Amino acid sequence: MKKLTDWVNETKKKRENMKEKNKDPKEQNEQFNSAHSISQSLTDNLNTISKDLGGSADVIIREFELGETDQRKIGVMYTDGLADSTTVQEFVLKTLMIDIRSAHLENIDFEATTLELLEKHSLSGGQLKKVYNLKNVKQHILSGDTVLLFDGETVGLSVATKGWKQRGVEEPSSQTVVRGPKEGFTESLRTNTALIRRKIKSDNLWIEQMLIGKETQTDVAILYMKGIANDKIIKEVKKRLKKIDIDGVLESAMIEELIQDETFTLFPTLYNTERPDVAASGLLEGRIVIIVDGTPFVLLAPAVFVQFMQSSEDYYQRSDIASAIRLLRYVAFMLALLVPSAYIAVTTFHQEMLPTTLLVSLASQREGVPFPAFVEAILMEVTFEILREAGLRMPRAVGSAISIVGALVLGQAAVEAGIISNVMVIVVALTAISSFVIPSYNLGMAVRLLRFLFMLLAAAFGMYGIILGIIILVSHLTSLRSFGVPYLSPIAPSNKEGQRDSLIRLPIWALISRPRLISQKNMIRDETPAPEPNDSTKEPEKSPSGESSK
Amino acid sequence: MIGSSKEKISQKQLTSMIILFTIGSAILFIPSFLANVAKQDAWISAIVATVLGLFTVLFYSKLYKLYPKKSYFECATFILGKWIGGAVILITYIYFFILSSLILWDLGEFLKTQVLVQTPIQVILILFMLTVIYTVRLGIENVGRTSEVFLPWVLGLFLLMCVFLIWSLEKGNLLPYLEKGVMPVLHGSYYLLSFPYLELIIFLMITPYVNKETKVQKSFLQGTLVAGGLLITTTFLCILVLGADVTARNTFPVYVLGKMVSVGEFLERLEIIIAIIWFLSIYFKLAIVFYVLVASLSDFVKAKDYRPITLPLGMLLVVMSPIMFTSTMQVASFDKEVFFPLTYIVGFFLPLIVYIAGKIKHKKRGI
Amino acid sequence: MGVLLVATLISIYEIPKMKKQNMKRDFILFSCVLFLASTIATLHVNGVTISNPISGLRAIFSPIGLGIENFFMEKGQ
């Protein structure tokens, strides 16, 4: 196949050259006078590039001639696998070798160089860019573009031919909903920006792009709604992103860790999501979305605590139901955090708090257990965490084995063997289920770790320790900031407007303004009046009967 | 202004701090104090004291309005000069120090006798002090925000408590009214006015941080009203449920109140609720006093930051508290003989002097 | 011993920070308070009775306090 096109190419080129031979090579305006500037000799250029890339097998460098007599040489370079082979064939090679023949070149400025000629008339690829030095040439090649170099020219042309095998838009695996859009972000930056653009068609949605990572040269896009997002925060985000000087960015988590406000905290101060609708709603609230090429997880900043307890489905269900579920999540959060420590505190320090009957049954269960409650709890909680981690990392096919081991061997058998009490199993199960209710995986992790700290406090000081722990936890949370926005934002410092959509969610018509501390301009987002069922809906009552009689 | 000037407290944060400060430690002790002198009329003295307390905070907010950007100490030196002002500051500072060790002692006493009988008291105190130090190091703004988070919890739990107690009220306990005339009632009010209300003078040290000057008076009144309501209700409930005698005899009558709760067969012994309410409020009380202690001390020597001295001063408090206060009896007599009069001097007479002098100064300048 | 250990720990934690920011006054204040606290603590731990600072106050105030108490009591009876 290639040989054929080569041959076709050559013959074609010979014809081409006839037309081009009267043209003088124009003086070049060299924009970059770096050491890597493109030299006049094509062969030199190609050799340098080939050498710089270590003759990598996937980089394809071809040299051929345009025209018959003048033998104007041209070099085509692209990376196999990154560049879409059909595009390269159809729009670059075929153009250069075959289509040029049939081009109508009557009104062509004969002073133009090959480059300009091709740029203006021949290449039908969508996106053309001039490249002025070898560094950029390499960069374009390695990001999937096809670069053309010409003999006697110090400017190259890059044709956008990016196109590689990638995952399609699928249902997100981490944040699932029953009702709501089922599409999720993919690993491709362009697809992701497109998914958001499809939801927000406003011209206020601005996308800025930059390269991060000395070696990986990863594309990172910053998306925000101009006029809604806080300019200070946008500036701050850009400043922090520009500061990053790292060799590689493989996942948005790395960016997250490099730009977050506080490193030593268990709580995530940037929100990540796989769902375009969540990202879009974040944009509409004035947040800034950071998309990193190569990962479906996009970042939202600034993030506040309540955000991590919300699911996008809250807005797709009725407000009263959504509110109840949100409250349930907070209850689950507390349970996941405190149940084991409360169990330890009550059984070791405050037995008198329990009703007598419960106390008796508890005591009789714990009679055969050789360990103090703290050891018992730690044992079971650690076991559970191990099971959970194992379930995550092991191949899916063996997953069911884990549940058998977990449920039967460690649960029932441990109780029957008298190592732990039945109540402890209930406690562990309750915490486990509760911790899965927390919608954000990051926050769930924080809770998992904090639970052990609370257990320690409870073992040492009972309820006193737990309350002290809560005080420290809350003051830590209030001291956190995400890009200057207090982490517990609508709760403390309190903001009545914000509280309409934090612990509970009021009906959408009541969510009049955007979060105050996040977006600072254009605060009103919703001016729909509250539905009044009495005016217009009453009249159609008659019409259905009228229609049915017809 | 003491501490770093960047911090800002909102009006709501000030209100919630005032509420928590006022009920802190008082809620547990006051019913007993009042019932001791006023017997079944304790709730009347609570009402009288709260009304007087409202006037006091009104006076405080007037004092604040003289120089809204200055803390009380700065006001004192500015108005009264270096020496007299310095004396005022010294007395007030000593008072704050005693107050904080007293709070610490209250806490230790309660935990030692009621909750953690076996744990050594030093450990309890150190742990508590570390918590306070941690939060104070994060700044007063942070204390304010934390109080905003906890206030609904405290109020909610209190309400819950009241609801549970409805079943065990006994009206007969209130009778007869004013058995021994007005004097015992006023005696109780004398205690209550000094115990939480006059202590509110400390808020004049942090009012400069409030972001809206005009709202401070509202905060003071609102906070005192809510806290006063809580204290009155608590006293009322104690008398109604326990009777005047039991209330007077117990050091922590409210805690006993919690033990009395019995709804149906399953909800019993909810003293943990009381413990949580009291614990949270006393924590805020100590945090605020401690913040003022460290911030004003570091401000006095014109240090850059108050944070480095939090640990040493906390250590000093933990050491001094058990040395200064040794037993319940001693503290009770100390309260009556020394602390209450001292509170009246620090919380009323000294500010009055400052206020009058400030007014005169204002007038002079006006002419 | 424990007291000294705590004092050194506090110093290790705080002093480098203060040096970094060149806070002389802070340092003086810090060392004064720490010295005071650890001396009292050491003495207290070793069983040396420390005169209660309150007793001084008590001498001044108890006439007033008791006077007020008596005033209320007498009127009440």
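Predicted model: local features only at pLDDT ≥ 70, side-chain atom pairs only at ≥ 80, totals over all residues.
Residues are numbered from 1 along each chain as its sequence is written, and chains are lettered from A in the order in which they are written. Local features need pLDDT of at least 70, side-chain atom pairs count only at pLDDT 80 or more, totals for chains, interfaces and linings use all residues, and side-chain values use heavy atoms, with hydrogens and water left out.

View 1. L342(B) sits in helix α13 (residues 328-366) of chain B, helices being DSSP runs of H or I, at least four residues, numbered from the N terminus. L342(B) is buried, at 3% relative accessible area (buried: under 20%, 1.4 Å probe, protein chains only). Beyond its neighbours within four places in sequence, it touches I91(B), Y95(B), I98(B) and F61(C) (contact: heavy atoms within 4.5 Å). I91(B) is 251 residues away along the chain, yet its C-alpha is 9.1 Å from that of L342(B).

**View 2. Where chain A meets chain B.** Here 26 residues from chain A face 32 residues from chain B. Together the two chains bury about 2,500 Å², 74% of it on carbon and sulfur atoms (accessible area, 1.4 Å probe, lost on putting the two parts together, summed over both). On the chain A side, F461(A), Y464(A) and I471(A) lose the most area to chain B, together 25% of what that side buries.

**View 3. The salt bridge between chains A and B.** The count is one salt bridge (a Lys or Arg side-chain nitrogen within 4 Å of an Asp or Glu carboxyl oxygen). R481(A) pairs with E141(B), their closest N and O atoms 3.9 Å apart.

Technical notes. Helix = DSSP H or I, 4+ residues; strand = E, 2+ residues; numbered from the N terminus. Buried < 20%, exposed > 50% of the residue type's maximum accessible area, 1.4 Å probe, protein only.
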